[in-house]
Amino acid sequence: MPKNRTGYHNHINSQEVTELIGELALVCEDTSIVSILNRLGYRTGNGNTWTEKRVQHVRHTNGFPACPPSDQRLWITMQQAAETLGVSEMVVRRLIAQKSLPATQIVKFAPWMIERHALDLPAVRKAIRRVHEGRRTGWAVSEKQTGLFADSQEG
């Protein structure tokens, strides 16, 4: 069996976890990254659970910057988007589900990542304006659903 190079051992973190930490660092503080990794059952190369110090070490050794302050982030979470738009998280969740607001979720339990500039898309602005005016109708109705009353005025 070949000998490992200096500084390398068989207890190295998986590439998947390392990449995940790098992506999560765009929108999450280290404490949030710790909870996401542990909730998903990821372990360190030595089989330990994640701590803030371990996440910081992975970020430092791989050159991943710490999460920037919320006002300087290119990516924001669903909660931050709701706060910025002045609506509830449920409204933002509906916009994501309708594909009006582009968002990605790296892995299950990770926060939704929304590019800050996506909040200015015309479809998003229109939907938010409707919510602020109190006109939310039509969101829950899909083409497959029928009216509540069979003899409705539609059609």
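Reader: Is Glu29 buried, partly exposed or exposed?

Author: Glu29 is partly exposed, as its relative accessible area is 43%. This is a predicted model, and the values discussed here are computed from it.

Reader: Which side chain does Glu29 meet in a salt bridge?

Author: Its partner is Arg73, with an N to O distance of 3.1 Å.

Reader: Where do Arg59 and Asp30 stand on accessibility: buried or exposed?

Author: Arg59 is buried at 10% relative accessibility. Asp30 is buried too, with a relative accessible area of 9%.

Reader: Which residue pairs with Asp120?

Author: Asp120 forms a salt bridge with Arg125, and the closest N and O atoms are 2.8 Å apart. Here Asp120 counts as exposed at 52% relative accessibility, whereas Arg125 is partly exposed at 37%.

Reader: Back to α2 and α3. At what angle do their axes cross?

Author: The axes of α2, residues 30–39, and α3, residues 52–62, cross at roughly 105° and come within 9 Å. That makes α2 roughly perpendicular to α3, because angles of 65 to 115 degrees fall in that class.

Reader: Which residues meet there?

Author: On the α2 side they are Asp30, Thr31, Ile33, Val34 and Leu37. On the α3 side they are Glu52, Val55, Gln56 and Arg59.

Reader: What does Leu37 touch, leaving out residues up to four places away?

Author: Leu37, in helix α2, touches Val17, Leu20, Ile21, Tyr42, Trp50 and Val55. Leu37 is buried, because its relative accessible area is 0%.

Reader: How far apart are the C-alpha atoms of Leu37 and Trp50?

Author: They are separated by 6.9 Å, and the two residues are 13 positions apart along the chain.

Reader: Turning to α1, which of its residues are buried?

Author: They are Val17, Thr18, Leu20, Ile21, Gly22 and Leu24. The buried residues of α1 pack against α2 and α3. Among them, Val17, Leu20 and Ile21 touch Leu37.

Reader: What is Thr18 in contact with?

Author: Setting aside neighbours within four places in sequence, Thr18 is in contact with Asn13, Val58, Asn62 and Phe64. Thr18 lies in helix α1 and counts as buried at 9% relative accessibility.

Reader: Now the backbone. What is the phi of Lys99?

Author: Lys99 has a positive phi of about 70°, although it is not a glycine. In general, most residues other than glycine have a negative phi. Lys99 is found in the loop between α5 and β2, and it is exposed, with a relative accessible area of 73%.

Reader: How many helices and strands does the whole chain have?

Author: The protein chain has six helices and two strands. Along the sequence they follow the pattern α-α-α-β-α-α-β-α.

Reader: What share of the residues is buried?

Author: Buried residues account for 30% of the 155 residues in the chain. The accessible surface comes to about 10800 Å², and carbon and sulfur atoms hold 51% of it.

Reader: And what share of the contacts with a separation of 6 or more joins residues 24 or more positions apart?

Author: Such pairs account for 58% of those contacts in the protein chain.

Note on methods
Residues are numbered from 1 along each chain as its sequence is written. This is a predicted model: local features need pLDDT of at least 70, side-chain atom pairs count only at pLDDT 80 or more; totals for chains, interfaces and linings use all residues. Side-chain values use heavy atoms; hydrogens and water are left out. Axes are lines fitted to C-alpha atoms, for helices over the stretch in contact, and angles run from 0 to 180 degrees between N-to-C directions. Helices (H or I, at least four residues) and strands (E, at least two) are DSSP runs, numbered from the N terminus. Angles under 35 degrees count as roughly parallel, over 145 as roughly antiparallel, 65 to 115 as roughly perpendicular and the rest as oblique. Contact means heavy atoms within 4.5 Å. Buried means under 20% relative accessible area, exposed over 50%, partly exposed in between (1.4 Å probe, protein chains only). A salt bridge is a side-chain nitrogen of Lys or Arg within 4 Å of a carboxyl oxygen of Asp or Glu. Accessible areas come from the Shrake-Rupley method with a 1.4 Å probe; for residues, only the protein chains shown count as cover.
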